[in-house]
Every structure is written in C-alpha cells, then in structure tokens.
Amino acid sequence: GVQGVCPAGWHLPSDAEWTELTDYLGGESVAGGKLKETGTTHWQSPNTGATNETGFTALPGGYRYIDGTFSYIGSYGNWWSATEIYANFAWFRSMNYHYSYVNRYNDNKELGFSVRCLRD
C-alpha cells in the first residue's frame with residue numbers, strides 16, 4: 001500500500017480496498033449507514049441509516065476547495081483512496097447526512113478530503 005500521510009506501519013486504502021469494504025457491508029446503498037457515526041451531534045439531521053455498527057465512526061468533515069475555502073462540514077464526509085486516475089485525479093468515497101449510501105467518485109487531488117489509514 002501507499003503510506004502517504006499515514007504513520008509507519010499504516011497505509012492509505014486503495015480504491016479496491018474501499019470497494020472490498022463496501023461490498024462486505026452489503027453494497028454501496030447501505031454501507032454508509034454502517035460506517036457513519038450515529039445521531040446528529042456532528043451529522044446534520046436526519047443522518048439517514050446511521051448505525052456505526054462497524055465502529056468506523058465516519059464524521060462529516062466536508063471538504064476544502066482548491067482556493068482554500070471550506071464547505072459542507074456537517075453534511076458530507078469524503079475520504080481519499082490511494083488510487084490515482086491521472087496524475088492529478090484520484091478515487092474517493094463520499095457519505096452524506098441524507099442517505100445511507102457510500103458513493104464512489106474521482107476528483108482533483110488538490111481538494112482537501114479526509115483520509116483513513118489502514119494498518120499494514
């Protein structure tokens with residue numbers, strides 16, 4: 001795996017590792033709920049489907065635009081994968097307050113998303 005910003009002994013998950021996780025949890029349509037923190041302390045209401053049964057405790061960190069401004073804190077959580085599409089684009093996963101989905105997208109790596117490190 002790609003260590004990236006992760007400490008020694010840990011790595012950024014690949015796109016394939018994210019897919020393996022969402023498949024294991026029953027697919028993209030329900031995996032978000034199983035990963036999201038329950039309640040509305042951090043997530044905007046209604047935080048649909050949130051059970052956090054995995055203990056992942058996904059939080060809605062929103063994202064930082066290329067110009068340095070922040071948006072969607074409390075509504076969306078986005079996590080980079082280590083898998084590039086082009087030199088400046090990579091896959092990421094997104095969850096939001098209104099659905100239990102985990103969506104797979106790609107975008108410019110200059111955007112500020114969260115990361116989750118996996119133990120090697």
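Reader: Let's start with Trp18. Is it buried or exposed?

Author: Trp18 is buried: its relative accessibility is 3%, and the cut-off for buried is under 20%. Keep in mind that this is a predicted model.

Reader: Where does Trp18 lie?

Author: In helix H1, which covers residues 15-24.

Reader: And what does Trp18 touch?

Author: Leaving out residues up to four places away in sequence, Trp18 touches Pro13, Phe56, Trp79, Trp80, Ser81 and Arg93. Trp79 is 61 residues from Trp18 in sequence, yet their C-alpha atoms are 9.7 Å apart in space.

Reader: Which other residues of H1 are buried?

Author: Asp15 and Thr22 are buried along with Trp18. The three cover an arc of only 60° around the axis, so they sit on the same side of H1.

Reader: Why would residues spaced like that point the same way?

Author: An α-helix has 3.6 residues a turn, so residues three or four places apart point the same way.

Reader: What about the other side of H1?

Author: There, Ala16, Glu20, Asp23 and Tyr24 are exposed.

Reader: What do the buried residues of H1 pack against?

Author: Helix H2 (28-35), and E4, E5 and E6.

Reader: Changing topic to the sheet. What is the order of its strands?

Author: The order is E4-E5-E6, in an open sheet of three strands with antiparallel pairing. From one strand to the next, the twist averages 35°.

Reader: How many bridges are there between E4 and E5?

Author: Seven, in the antiparallel sense, with E5 covering residues 89-96. Opposite Tyr86 stands Phe89 in E5.

Reader: And where does H1 come in?

Author: H1 packs on the sheet and touches E4, E5 and E6. Its direction makes about 135° with that of E4.

Reader: Which residues make up the largest nonpolar core?

Author: There are ten: Trp18, Leu25, Ala31, Leu35, Trp43, Phe56, Ala58, Trp79, Met95 and Val102. A second, separate core has six residues, among them Tyr63, Trp80, Ala90 and Phe113.

Reader: I see a lot of rings. How many aromatic pairs does the structure hold?

Author: Twelve aromatic pairs. In one of them, the ring centres of Trp18 and Phe56 are 6.1 Å apart and the planes are at 65°, so that pair is edge-to-face.

Reader: What does the pair of Trp18 and Phe56 tie together?

Author: It ties together parts that are 38 residues apart in sequence, because Trp18 is in helix H1 and Phe56 is in the loop between H2 and strand E2 (63-64). Both Trp18 and Phe56 are buried.

Reader: And Tyr63 with Tyr65, what kind of pair is that?

Author: Edge-to-face, with 5.1 Å from centre to centre and 80° between the planes. Tyr63 is buried, at a relative accessible area of 18%. Tyr65 is partly exposed, at 30%.

Technical notes
Residues numbered from 1 in each chain as written. Predicted model: local features only at pLDDT ≥ 70, side-chain atom pairs only at ≥ 80, totals over all residues. Heavy atoms only, no water. Helix = DSSP H or I, 4+ residues; strand = E, 2+ residues; numbered from the N terminus. Buried < 20%, exposed > 50% of the residue type's maximum accessible area, 1.4 Å probe, protein only. Contact = heavy atoms within 4.5 Å. Pairing = 2+ DSSP bridges. Axes fitted to C-alpha atoms, helices over the stretch in contact; angles between N-to-C directions. Arc of directions from axis to C-beta. Core = buried A, V, L, I, M, F, W, Y, C linked by side-chain atoms within 4.5 Å. Phe/Tyr/Trp six-rings, centres within 6.5 Å; stacked < 30°, edge-to-face > 60°.
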